[in-house]
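I set out to record, entry by entry, what I looked up in this structure. The coordinates are placed below, and my notes follow.

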Amino acid sequence: MTKAVSMQDVVEKVAMPMPLVETMPFVWTLDRYHRAIEQDIFGEDDPVELLFGQIITRMPVGELHTQCLKILNVRFVLQFRNQYYYQSQDPITLPDYSEPQPDYAVVTHKNYSKKTGQPGPEDIYLLIEVADSSLEIDRGPKAQAYALAGIQEYWIVNLKARQVELHLAPNVNLGEYSSITRHGEGSIFESPFSGPTAVSELLPPMEQEEE
């Protein structure tokens, strides 16, 4: 005997959600990414960078962020002169389909270009990210990418907390730094690359509230 199908049964069956199809995210290789830039799919001024094969949007840069980059550049240029090459928000090439644009990098003094290539892990002495709205990314996927690449020293200048996070001893297997210390304004930390460093000398003056 055939069971009669009620209108309610039909409505419930139609209303059931369709199963979602799981798809793998598209992976941007370095070659694909570079070709997209050459073909003006991504312009040089577009706020994007490549991290683990994914295109991510870089956070907007505010006034304090810009001031901090100027302070960092003056400090390292005065300390090391032309011993190194200093770049700000320019690309570096890392393993695992990554070509981020760290806020500041101290690298081997030589010419870099699209033809000769960007600085790689073997060229990098120090990476610095200046964090105002980007702290989660700087502590997360960027720190992981830098550790996997074996970057020996990585700083996060935390503008909101007014402190510097010093990341040392990268574990290239786990993708994390074995030593992470935080140093507040008024303290001095020991940088393996640049020696004793006063946090206050790296921070821009605090913004004054308008009356």
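**Entry 1: A salt bridge within one loop**

I began with Lys-110, which is partly exposed at a relative accessible area of 41%. For this term I used the following cut-offs: buried is under 20% relative accessible area, exposed is over 50%, and partly exposed is in between, with a 1.4 Å probe and protein chains only. The model is a predicted one, in which local features need pLDDT of at least 70 and side-chain atom pairs count only at pLDDT 80 or more, while totals for chains, interfaces and linings use all residues. Residues are numbered from 1 along each chain as its sequence is written, and side-chain values use heavy atoms, with hydrogens and water left out.

I then looked up the partner of Lys-110 and found a salt bridge with the side chain of Asp-123, at 3.3 Å from N to O. A salt bridge here is a side-chain nitrogen of Lys or Arg within 4 Å of a carboxyl oxygen of Asp or Glu. Both Asp-123 and Lys-110 are in the loop between S4 and S5, 13 residues apart. Asp-123 has 6% relative accessibility and therefore counts as buried. Helices (H or I, at least four residues) and strands (E, at least two) are DSSP runs, numbered from the N terminus.

I also noted Asn-111, which is in the loop between S4 and S5. Is Asn-111 buried or exposed? Asn-111 is exposed, with a relative accessible area of 73%. Its C-alpha atom is separated by 8.8 Å from that of Tyr-85, 26 residues apart along the chain.

**Entry 2: Further salt bridges**

How many salt bridges does the structure hold? I recorded seven. One of them joins Glu-49 and Lys-142, with the closest N and O atoms 3.0 Å apart. Glu-49 is in strand S1 (residues 48-51) and Lys-142 in helix H5 (residues 141-148), so the pair is listed as linking distant parts of the chain, 93 residues apart. Both Glu-49 and Lys-142 are buried.

Arg-139 forms a salt bridge with Glu-165, and their closest N and O atoms are 2.4 Å apart. Arg-139 lies in helix H4 (residues 135-139) and Glu-165 in strand S7, so this pair ties together parts that are 26 residues apart in sequence. Arg-139 counts as partly exposed at 36% relative accessibility, whereas Glu-165 counts as buried at 0%. I noted as well that salt bridges with shared partners join Glu-49, Glu-129 and Lys-142 into one network.

**Entry 3: Asp-103**

I next looked up Asp-103, in the loop between strand S3 (85-87) and S4. Asp-103 is buried yet has no salt bridge, and the nearest side chain of opposite charge, Lys-142, is 6.3 Å away. For charge, Lys and Arg count as positive and Asp and Glu as negative, while His and the chain ends are not counted.

With which side chain does the side chain of Asp-103 make a polar contact? The partner is the side chain of His-65, at 3.3 Å. A polar contact is a pair of N or O atoms within 3.5 Å; within protein, one must be able to donate a hydrogen and the other to accept it, and residues adjacent in sequence count only if both atoms are side-chain atoms. A polar atom of the Asp-103 side chain also lies 2.7 Å from the backbone nitrogen of Val-130. Not counting residues up to four places away in sequence, Asp-103 touches several residues, including Leu-69, Gln-87, Ile-128 and Glu-129; contact means heavy atoms within 4.5 Å.

**Entry 4: Arg-162**

Arg-162 is in the loop between S6 and S7 and counts as buried at 12% relative accessibility. A polar atom of its side chain lies 3.0 Å from the backbone oxygen of Pro-204. Among the residues that Arg-162 touches, leaving out those up to four places away in sequence, are Gly-184, Glu-185, Val-199 and Met-206.

**Entry 5: Strand S5 and its partners**

I found S5 mostly covered, with seven of its eight residues buried. S4 and S5 run antiparallel and are joined by four bridges, whereas S5 and S6 run parallel and are joined by five. Two strands pair if DSSP finds at least two bridges between them. Leu-127 in S5 is the bridge partner of Ala-105, and Leu-127 also stands opposite Tyr-154 in S6.

**Entry 6: Nonpolar cores**

Which residues have the most contacts inside the largest nonpolar core? They are Leu-72, Phe-76, Val-106, Ile-128, Trp-155 and Val-157, in a core of 23 residues. At least two residues of this core come from each of helix H3 (63-80), strand S4 (104-107), strand S5 (124-131), strand S6 (153-158) and strand S7 (163-171). H3 gives the largest share, five residues. A second, separate core has 18 residues, including Leu-94, Val-107, Tyr-112 and Tyr-146. A nonpolar core is a set of buried Ala, Val, Leu, Ile, Met, Phe, Trp, Tyr and Cys residues joined through side-chain atoms within 4.5 Å. In soluble globular proteins, nonpolar side chains tend to be buried together.
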